[in-house]
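The structure is shown first.

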Amino acid sequence: MKYMLLIYNNPATYQAWSEEARNALFGEVDALMKELTESGELVGGEALADASNAVIVRVRDGVRAATDGPYAEAKEQLAGYLTVECETRERAVEIAARWPDARYFTMEVRAVMNSSGTEM
Amino acid sequence: MTVPAATGDLLRELAPQVLGAVVRRYGHFDLCEDAVQEALLAASVQWPRDGQPASPRAWLITVASRRLTDQLRAESARRDREATAALDPAAAPVAPDPAEELGQDQDDTLTVLFLCCHPALSGPSQVALTLRAVGGLTTAEIARAFLVPEATMAQRISRAKQSVKAAGARFSLPGPGEWDGRLDAVLHVLYLIFNEGYTATSGPDLNRPELTAEAIRLARAVRRLLPDDGEVTGLLALMLLTEARRPARTGPGGALIPLAEQDRSRWDQAAIAEGTALITGALAGAPLGPYQVQAAIAAVHAEAGAADDTDWPQVAALYGVLDRIAPSPMVTLNRAVAVAMAQGPQAGLDLLAALDADGRLAGHHRLAAVRAHLLEQAGQPAAARDAYTEAARLTTSLPEQRYLTARAARLPDRTE
């Protein structure tokens, strides 16, 4: 079963940290990524550029309205995701809990839909 | 690269035999497995171009052995450079039996299969290693079939081989005391491979249905080696009888068509005839097991020319047997469907109450979906609609969600 682990954080918080503290955080992420790669559970993942660079797109009555990201002041933003394939939901939750952002902000575990199915 | 079908079939049949021969001679299952893959690749390029060698098996063994000895030499040079212990007898796990020279007449397919399904490995690792070492598929092909990046699958295979090594597995058939358990694991892996392919719906991932053909091919190979085992025959029959329905189980765009609404003229009659003959033979002679019962259920469905002709009391009785010899909440759930068809929806709903109390299927979409169907049959459309909606919310399958949402939408909600 594939799960997407959505990472939410506030970049301003980390920017206020000492470089040493930030490096320790990155080191934790690297170690966990290495572990998930070696276990064959890591399927993919991306970090997202700061949300202030985002563009919000809406089409209403055929008219496109695109606005720059309004998130500069937001507290928590979607910062990235990783996709893992694990045998149980509990394991996906365990991985999310070990991701450092879980200690300061929020991780969200979502099951990924697939195109297989059983007729009923 | 496309390899002519005949060459591809031959290579995949020979893959586990060649691997067995090389492991018997040199040990080092993990390194041999890589060497055999390289030999298979070389053959797939050279044979179509230069012609097939007189003895394809000997050719592959020679090429794989050469790759392996090159690699062992490189490893040993590296070890010398690192100035570790001069000779490490433990460096050759899965030790070869000196009495067995090349093993020219021996078919090691079963031994390789047992090794790939070793209990030290996780389920997904067993599946991946089996497809590569026994099925002769490349890592890229397996990754495509399981919808993960090639690097992820390569890592799983490499880890599986490390686990085999770490477990100190012997390259021999399991002894009598562990035979049954180990064979169960092998059959379960073949069943998982089949199911992965069977549940794939048409769509962008057209490689996946090939997994059913591969699972059937491997089940046939095991049955050739163990013709008297009822469960091996039962599994092959179950696969054939299930696969027979595949042309009818999806509609345009991969929409799922329930069993009751399938166009039965599209069922594969040759597969049904073969599967029915196999299961009939097994039931007559072998001790009963869960795959045989499941195949018998599939055979009852297959012999009904129309959904209304289905012998539901027979299906319900068979699920009763299955629930006794291999109890699981999923079996009880299927039994509830059959009981409802045989005795009316309320009898089925009563069985679901037991599952609710049991709790193991709590939050499972199949429980909600069955409840929805039974409530609909019982003439309770509003409750059925709620249950369909709940099932649609719980499933992680897009085609199932689409089907369940459509069923819900056909029913009036409570306010109408």
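## Contacts within chain B

Among the contacts in chain B with a separation of 6 or more, 64% join residues 24 or more positions apart. The model is predicted. Chain B contains 19 helices and 0 strands.

Along the principal axes, the C-alpha atoms of chain B fill a box of roughly 80 × 45 × 45 Å. Chain B has 416 residues, of which 43% count as buried.

## Packing of α5(B) and α7(B)

Two packed helices are described by the angle between their axes and the distance between the axes. Helix α5 of chain B (residues 123–134) packs with helix α7 of chain B (residues 150–166) at an angle of about 95°, and their axes are 9 Å apart. The angle therefore makes α5(B) roughly perpendicular to α7(B).

On the α5(B) side, the contact is made by P124(B), S125(B), A128(B), L129(B) and R132(B). Helix α7(B) contributes M153(B), R156(B), I157(B), R159(B), A160(B), K161(B) and S163(B). By class, the residues in this contact of α5(B) with α7(B) are 6 nonpolar, 2 polar and 4 charged.

## Contact with chain A

Chain B places 24 residues in contact with 16 residues of chain A. On the side of chain B that touches chain A, the elements giving two or more residues are α7, α17 (365–377) and α19 (398–409) of chain B. Helix α7(B) supplies the largest share of that side, 4 residues.

The residues on the side of chain B that touches chain A divide into 10 nonpolar, 9 polar and 5 charged.

Terms used. Residues numbered from 1 in each chain as written. Chains lettered and ligands numbered in written order. Predicted model: local features only at pLDDT ≥ 70, side-chain atom pairs only at ≥ 80, totals over all residues. Buried ≥ 20, exposed ≤ 12 C-beta atoms within 10 Å, placed from the backbone. Contact = placed C-beta atoms within 7 Å. Axes fitted to C-alpha atoms, helices over the stretch in contact; angles between N-to-C directions. Parallel < 35°, antiparallel > 145°, perpendicular 65-115°, else oblique. Nonpolar A, V, L, I, M, F, W, Y, C, P; charged D, E, K, R; others polar.
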